[in-house]
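Morning, everyone. Please have a look at the model first.

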Amino acid sequence: MEALVSVMKVAKRYRLGKENYVHALRGASLSVDAGEMVAIMGPSGSGKSTLMHIAGCLDVPDEGEVWLGGRRVDGLDRSELARLRANEVGFIFQGFNLVPTMSALENVALAAEYAGDSRRDAAGKARTLLEAVGLADRMRHAPSELSGGQQRVAIARALVNNPAIVMGDEPTGDLDTTTSAEIVTLMREVNRERGTTFIIVTHNPEVAEGCDRTVRMRDGLVEGEIHPAEESAPA
């Protein structure tokens, strides 16, 4: 099976000063098949968020290749990358990144309008997805009025353009244990029912346990991976 996402020997460094750099990635590789739900874990500074951002075309590597849906994308220009992100990749962030002055419906519809839908079509898609994530009776509420429902809005927004893949950067990091478990369950339901691929950066082992496999990173490299069945297997 051809990988939906393939990141091959990517390197990335960021300038901190005139002669001072931090090497976030040092030749990391990752391959994710369509329909997988994959967690990326590692200590702070291991490069996991940078790897996800590059895989999702939020950033570009200094070296290496990035392939998405059978097409090499690391050489695309800014406008091409923006179109790709708008139509083919969804994002869920730890801080929700919702517009506070807009309702849940408006937040989700905005992403569809940005991708080219009419206001009417965007609103229709937003309603359908907010119903699917359990917010049918709260879609007119502002994010501040939703309490634990904010991440459900973020998930609906990530799905509104029917992306092949959704990237989650610590999507449960600001949530309590109960709400975190609900969000993981919701993402898994979306993964299984819609076939949406997920790559989730997390520090939470309980989030990783809900995924098909966990990729472990250290010092800018992928050092291995674990399947939940392997962890539970007797020695």
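I'll go through pockets, then the cavity, then the nonpolar cores.

First, the ground rules. This is a predicted model, so local features need pLDDT of at least 70, side-chain atom pairs count only at pLDDT 80 or more, and totals for chains, interfaces and linings use all residues. Residues are numbered from 1 along each chain as its sequence is written, and side-chain values use heavy atoms, with hydrogens and water left out.

Pockets. On a 1 Å grid over the protein atoms alone, a pocket is an open set of points with protein on both sides within 12 Å along at least five of seven lines; a cavity is a set where a 1.4 Å probe fits but cannot get out; lining residues have an atom within 4 Å of a point. Points are joined across faces, edges and corners, and volume is the space filled by probe spheres set on them.

The largest pocket holds about 460 Å³. It has 18 lining residues, and R85, F91, A111, Y114 and R157 sit closest to its centre. Two or more lining residues come from each of α2 (78-88), β6 (89-93), α3 (104-114) and α5 (150-159). Those labels are DSSP runs, numbered from the N terminus: helices are H or I, at least four residues, and strands are E, at least two. By class, the lining has twelve nonpolar, four polar and two charged residues.

The second largest pocket is about 160 Å³. Closest to its centre, out of 13 lining residues, are H23, A24, G45, S46 and G47. β2 gives the largest share of the lining, four residues. Here the classes are three nonpolar, seven polar and three charged.

Now, how many cavities of 30 Å³ or more does the structure hold? One. The largest cavity has a volume of about 40 Å³. Its lining is I54, C57, D59, V60, P61, V66, V73, D74 and L81.

Last, packing. A nonpolar core is a set of buried Ala, Val, Leu, Ile, Met, Phe, Trp, Tyr and Cys residues joined through side-chain atoms within 4.5 Å. Buried means under 20% relative accessible area, with a 1.4 Å probe and protein chains only. The largest core has 38 residues; I92, L130, V153, I155, M187 and F198 touch the most other members. α5 supplies the largest share, six residues. A second, separate core of 29 residues includes V10, L51, I199 and V201.

Technical notes:
Nonpolar A, V, L, I, M, F, W, Y, C, P; charged D, E, K, R; others polar. Buried < 20%, exposed > 50% of the residue type's maximum accessible area, 1.4 Å probe, protein only.
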